[in-house]
Amino acid sequence: MAHLLRSRTLPAEIPIFNLTRQYQSLKKEINTALRQVYANSQFIQGPNVKLFAEKFAHYCEVRYCIPVANGTDALYLSLRALGIGPGDEVITSAFSFIAAAEAIVNAGATPIFADIDPLTFTISPDSVKTLVSSKTKALIPVHLYGLPADMDTLINIAQQNHLAVIEDAAQAHGARYKNRPSGSIGRTGCFSFYPTKNLGSFGDAGAVTTNDAALAQKIRSLANHGSGRSQYDHTDSGMNSRMDEIQAAILNVKLGYLEQWNRKRRQVAQYYSQAFSGISELTLPVEPPDRKHVFHLYTIRTPRRDLLLNYLKSQGVTTKIHYPAPLHLLAAYQKLAYASGSLPESECAAQEVLALPLFPEIKTSEVRRVCEAIKTFFKN
Ligand SMILES: *Cc1c(COP(=O)(O)O)cnc(C)c1O
């Protein structure tokens, strides 16, 4: 009884994201699009996938977009199409989601983990420079949290060492580096449309973007069982990694809102940053002048992270740690034998980062409550 009374007086929990609100706001459009797919019943390689490929290529300002089954496959297919495999090394960020590292391992190559820049959370070019060897074939920078990596410096290193650059843009739909869209700068750009991404489907989906016609053709083929000119002509041993019509129909509706949603994300981020500007114990996200951040996540850092997390939880504010462990120290990569302390910035970030609630449909009252809770915590 007592706990019932108490829970009734507590304000509603603020989620870190809420997909139901987005569906409610687009219900009519999405249901219409889905009914068309059902009526048409061409569930694989139908008109919606084709349309999405055209629209997303246009959005990313590239010549080609290959819709695939998920973002991890987009990375794997890029590596395969570039001919990267056993004996090759690929450098990527130690502080990220595991997908790029997995794709490298699944392609038969070895991931080499680089450290990050502690302010942007993106791969450190200086760290990359120290890791390039005669075996290095590619570099996968991650535009973490929605902020593009230091692309000109990385492309320079890549050109000097004949490395292919594959952008992991899974968190950066619509982000820009020197006014160029993420996914349009490297040999390929790899996107995920996992439901909670800035552009999300109703299941798994992904895409590869590129300006290279031959590479696009190769990826399209590999993602469709290595298909050749006709149905049972196979020029490669590929895989099944096709985006389906249902996902594409939803993405075609949602793509029309992406810019407006990213604007809203940026506004909320700005509100947070202003509210927290006087808190010396907090390090806030940065947006270098040559880059546009799309705030897939608004991530703060503080040495008192775990205490803050628990306090916010007690106040009904949901937060999340992206990511609690750097990749080089995961059990999955034990065999690579990285020592603790070998990539200090990545290891420190894993101890200090905390993502706050941020999604386009967040209410002003919710944002205010997050701000009040954080200010109260740091007053004490
Ligand atoms: C989500 C994500 C991926 C992988 O996407 P999936 O569609 O889940 O396979 C890759 N890289 C990063 C940085 C991501 O956040």
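These are my notebook entries on what I looked up in this predicted model.

**Ground rules**

I am working with a predicted model, where local features need pLDDT of at least 70, side-chain atom pairs count only at pLDDT 80 or more, and totals for chains, interfaces and linings use all residues. Residue numbers start from 1 along each chain as its sequence is written, and side-chain values use heavy atoms, with hydrogens and water left out.

**Helix 2**

I started with helix 2, residues 19-40. Helices here are DSSP runs of H or I with at least four residues, strands are runs of E with at least two, and both are numbered from the N terminus. The expected span is 1.5 Å times one less than the number of residues. Then I looked for a bend and found a kink of about 75 degrees centred on Leu-26. The bend at a residue is the angle between axes fitted to the seven residues ending there and the seven starting there.

Leu-26 is also one of the buried residues of helix 2, along with Gln-22, Ile-30, Ala-33, Leu-34 and Val-37. Buried means under 20% relative accessible area, exposed over 50%, and partly exposed in between, with a 1.4 Å probe and protein chains only. I asked what covers these residues, and the cover includes helix 3 (47-60), helix 9 (245-255) and helix 10 (258-275).

Next, the ends. Asn-18 caps the N-terminal end of helix 2, with a side-chain oxygen 2.9 Å from the backbone nitrogen of Thr-20. After the helix comes Ser-41, with a positive phi near 55 degrees.

Most residues other than glycine have a negative phi, and most peptide bonds are trans. Going through the exceptions, I noted Gln-45, not a glycine, with a positive phi of about 55 degrees. Gln-45 sits in the loop between helix 2 and helix 3. His-225 has a positive phi too, near 60 degrees, and belongs to the loop between helix 8 (213-222) and helix 9. For the peptide bonds, I noted that the one from His-322 to Tyr-323 is cis, with omega near 20 degrees. Tyr-323 is in the loop between helix 11 (305-314) and helix 12 (344-352).

I traced an open sheet of three strands in the order 7-6-10, with antiparallel pairing. Strand 7 (180-181) and strand 10 (291-292) are at the edges with a single partner strand each, so one side of each has no neighbour in the sheet. Strands pair if DSSP finds at least two bridges between them. Strand 6 (residues 176-177) is joined to strand 10 by two bridges, and Tyr-177 has Arg-291 as its bridge partner.

Elsewhere, strand 2 (residues 89-93) and strand 3 run parallel, joined by five bridges. One pair I picked out there is Thr-92 with Phe-113. Four of the five residues of strand 3 (residues 110-114) are buried, so this strand is largely enclosed by the rest of the structure.

**Ligand**

Which residues surround the ligand? Among them I listed Asn-70, Gly-71, Thr-72, Asp-168, Ser-192 and Lys-197, where near means a heavy atom within 4 Å. For distances, a side-chain N or O atom of Thr-72 lies 2.5 Å from a ligand oxygen, and one of Ser-192 lies 2.6 Å from a ligand oxygen. Gly-71 uses a backbone N or O atom, 2.8 Å from an oxygen of the ligand.

**Two loop residues**

Thr-120 is in the loop between strand 3 and helix 6 (125-131). Buried or exposed? Thr-120 counts as buried, at 11% relative accessibility. Not counting residues up to four places away in sequence, Thr-120 touches Leu-147, Val-286, Pro-288 and Arg-291; contact means heavy atoms within 4.5 Å.

Glu-287 is in the loop between helix 10 and strand 10 and is partly exposed, at 35% relative accessible area. Its side chain makes a polar contact of 2.5 Å with the side chain of Arg-266. A polar contact is a pair of N or O atoms within 3.5 Å; within protein, one must be able to donate a hydrogen and the other to accept it, and residues adjacent in sequence count only if both atoms are side-chain atoms. The side chain of Glu-287 also reaches the backbone nitrogen of His-293 at 2.8 Å.
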